[in-house]
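Morning, everyone. I'll keep this brief. Please look at the structure as I bring it up.

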Amino acid sequence: MAGFELDPVGRVESLLDAASAPKQGDEGAPPAWLVFEPRYAEALGDIRPGASLLLFTWLDRADRGVLRVHPRGDDARPLTGVFSTRSPDRPNPIGLHRVTVLAVDGLRVRVAGLEAFDGTPILDLKPVLEALGER
């Protein structure tokens, strides 16, 4: 199978590092900024405060050789295949985060509910579709 390249569209600006990051965004993650490259300005034109979005990131500090983990880093839990977990360590470490827009300032989007580390590359941003037939 042939490989392919992904170009980040931006980066996360966050206070989080490995020691302070919650396991999930709804477990106390502070607000963070999504900072986009200037060439994607038009793509951000319709993003508004209050919107629920799906953010896709590249978990660049993940261990891509890990196939089994103890869920949530708890050794009391049995080893589980990473495809059955939310572990960041996996063959293709794509992060999926449901976030809420707090503010938009040009190429910067302030969000709540993001547990990604500072500097994490952003791959894509999509709206949450609450009902069939939306967008």
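Start with Leu125. Setting aside its neighbours within four places in sequence, Leu125 is in contact with Leu34, Phe36, Leu44, Ile47, Leu53, Leu54 and Leu55. Bear in mind that this is a predicted model.

Now the core. Leu125 belongs to the largest nonpolar core, which has 17 residues. Leu125 is also among the residues with the most contacts inside that core, along with Leu34, Phe36, Val109 and Leu114. Which elements give two or more residues to it? They are strand S2 (32-36), strand S3 (52-58), S6, S7 and strand S8 (121-127). S2 gives the most, with three residues. As a general point, nonpolar side chains tend to be buried together in soluble globular proteins.

Next, the sheet. Six strands form a closed barrel. Follow the order with me: S1-S2-S7-S6-S3-S8, with antiparallel pairing. Neighbouring strands of this sheet are turned by 45 degrees against each other on average, direction ignored. In general, strands of a sheet pair through backbone hydrogen bonds, either parallel or antiparallel.

Let's zoom in on one pair. Strand S6 covers residues 94-105, and strand S7 covers residues 108-112. The two pair in the antiparallel sense over five bridges. Which residue in S7 is the bridge partner of Asp105? That's Arg108.

Stay on Arg108. Its charged end sits over the ring of Trp33, 4.3 Å from the ring's centre.

Key: Residues are numbered from 1 along each chain as its sequence is written. This is a predicted model: local features need pLDDT of at least 70, side-chain atom pairs count only at pLDDT 80 or more; totals for chains, interfaces and linings use all residues. Side-chain values use heavy atoms; hydrogens and water are left out. A charge sits over a ring if NZ of Lys or CZ of Arg is within 6 Å of the ring centre and within 35 degrees of the ring normal. Two strands pair if DSSP finds at least two bridges between them. Helices (H or I, at least four residues) and strands (E, at least two) are DSSP runs, numbered from the N terminus. Axes are lines fitted to C-alpha atoms, for helices over the stretch in contact, and angles run from 0 to 180 degrees between N-to-C directions. A nonpolar core is a set of buried Ala, Val, Leu, Ile, Met, Phe, Trp, Tyr and Cys residues joined through side-chain atoms within 4.5 Å. Buried means under 20% relative accessible area, exposed over 50%, partly exposed in between (1.4 Å probe, protein chains only). Contact means heavy atoms within 4.5 Å.
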